[in-house]
Amino acid sequence: MTREDTVQPDSVIGAFFRRLHLNPFADPAEGASAPLRIEKAYLAQVPPATHGWQVALAIFLFVASFAVGPGVCVWLALSELMPTRIRSNGMSIALLINQFVSTVIAAVFLPTVGQHGYATMFFYGAGCAVLYFLTAAFLLPETKGKTLEAIEAHFDRKRAA
């Protein structure tokens, strides 16, 4: 691996925003001659070219699985399980929390990967997915064919017991 392989030339859009002092990323021209400083490294072989296809396939499978699982279930659960009298405010608060958690995960991802590696982050995500599945399978009621009032009555009975 050489520096020329890792430092890409600046794009037209990147150069435009750099001239306006709006590009937050380092200038690739400066990176091509900057001294190399490795802060932390894991020793391993450079993966083969086919590794990229395996990663792309894994990401595709993740996106497809998420789209039919947790990605849609959160929105359905929020809209179907929120009591009618507080639905508008409750949905706003719940979705604000959902977006906040997503932002925190995105912000923590790269520092965690840099400190502990990809496997740690992905095993953590797999653990969260298992926890999500168990919660959805055993704690959320079946809502198919039920009215919103019937679902609300289900939770009122549980709260009274």
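Visitor: Which residues make the nonpolar surface patch?
Guide: Ile93, Ile97, Phe100, Val101, Val104, Ile105 and Val108, over about 630 Å². Patch members have over 30% relative accessible area and no salt bridge; nonpolar side chains (Val, Leu, Ile, Met, Phe, Trp, Tyr) are joined within 5 Å, like charges within 9 Å. Areas come from the Shrake-Rupley method with a 1.4 Å probe, and for residues only the protein chains shown count as cover.

Visitor: What kind of model is this?
Guide: It is a predicted model, where local features need pLDDT of at least 70, side-chain atom pairs count only at pLDDT 80 or more, and totals for chains, interfaces and linings use all residues. Residues are numbered from 1 along each chain as its sequence is written, and side-chain values use heavy atoms, with hydrogens and water left out.

Visitor: Why does Val101 count as partly exposed?
Guide: Because its relative accessibility is 41%. Buried is under 20% relative accessible area, exposed is over 50%, and partly exposed lies in between (1.4 Å probe, protein chains only).

Visitor: How many helices and strands does the protein have?
Guide: There are 8 helices and 0 strands. Along the sequence that reads α-α-α-α-α-α-α-α. Of the 161 residues, 14% count as buried.

Visitor: New topic. How much space is in the largest pocket?
Guide: About 1200 Å³. On a 1 Å grid over the protein atoms alone, a pocket is an open set of points with protein on both sides within 12 Å along at least five of seven lines; a cavity is a set where a 1.4 Å probe fits but cannot get out. Lining residues have an atom within 4 Å of a point. Points are joined across faces, edges and corners, and volume is the space filled by probe spheres set on them.

Visitor: Which helices supply the pocket lining?
Guide: H4 (50-68), H5 (70-81), H6 (87-116) and H7 (118-138) each supply at least two residues. H7 gives the most, with 9.

Visitor: How does the pocket lining divide by type?
Guide: 22 nonpolar, 6 polar and no charged. Ala, Val, Leu, Ile, Met, Phe, Trp, Tyr, Cys and Pro count as nonpolar; Asp, Glu, Lys and Arg as charged; the others, Gly among them, as polar.

Visitor: And how many cavities of 30 Å³ or more?
Guide: The search of the whole structure finds 1. The largest cavity holds about 40 Å³. Its lining is Glu80, Leu81, Met82, Pro83, Arg87, Leu148, Ile151 and Glu152. H5 and H8 (148-160) each give two or more of these residues. H8 gives the most, with 3. The lining is 5 nonpolar, no polar and 3 charged.

Visitor: How many salt bridges?
Guide: The structure holds 1. The term needs a side-chain nitrogen of Lys or Arg within 4 Å of a carboxyl oxygen of Asp or Glu. Asp10 pairs with Arg18, with the closest N and O atoms 3.0 Å apart.

Visitor: Is Arg18 buried or exposed?
Guide: Buried, at 18% relative accessibility. Asp10 is partly exposed, at 33%.

Visitor: Which residue has a positive phi although it is not a glycine?
Guide: His21, at about 60°. His21 sits in the loop between H2 (12-19) and H3 (28-33). At 71% relative accessibility, His21 counts as exposed.

Visitor: Last one. How far apart are Ser79 and Met91?
Guide: 12 residues in sequence and 7.2 Å in space, C-alpha to C-alpha. Ser79 is in helix H5. Ser79 is partly exposed, at 28%.

Conventions: Helices (H or I, at least four residues) and strands (E, at least two) are DSSP runs, numbered from the N terminus.
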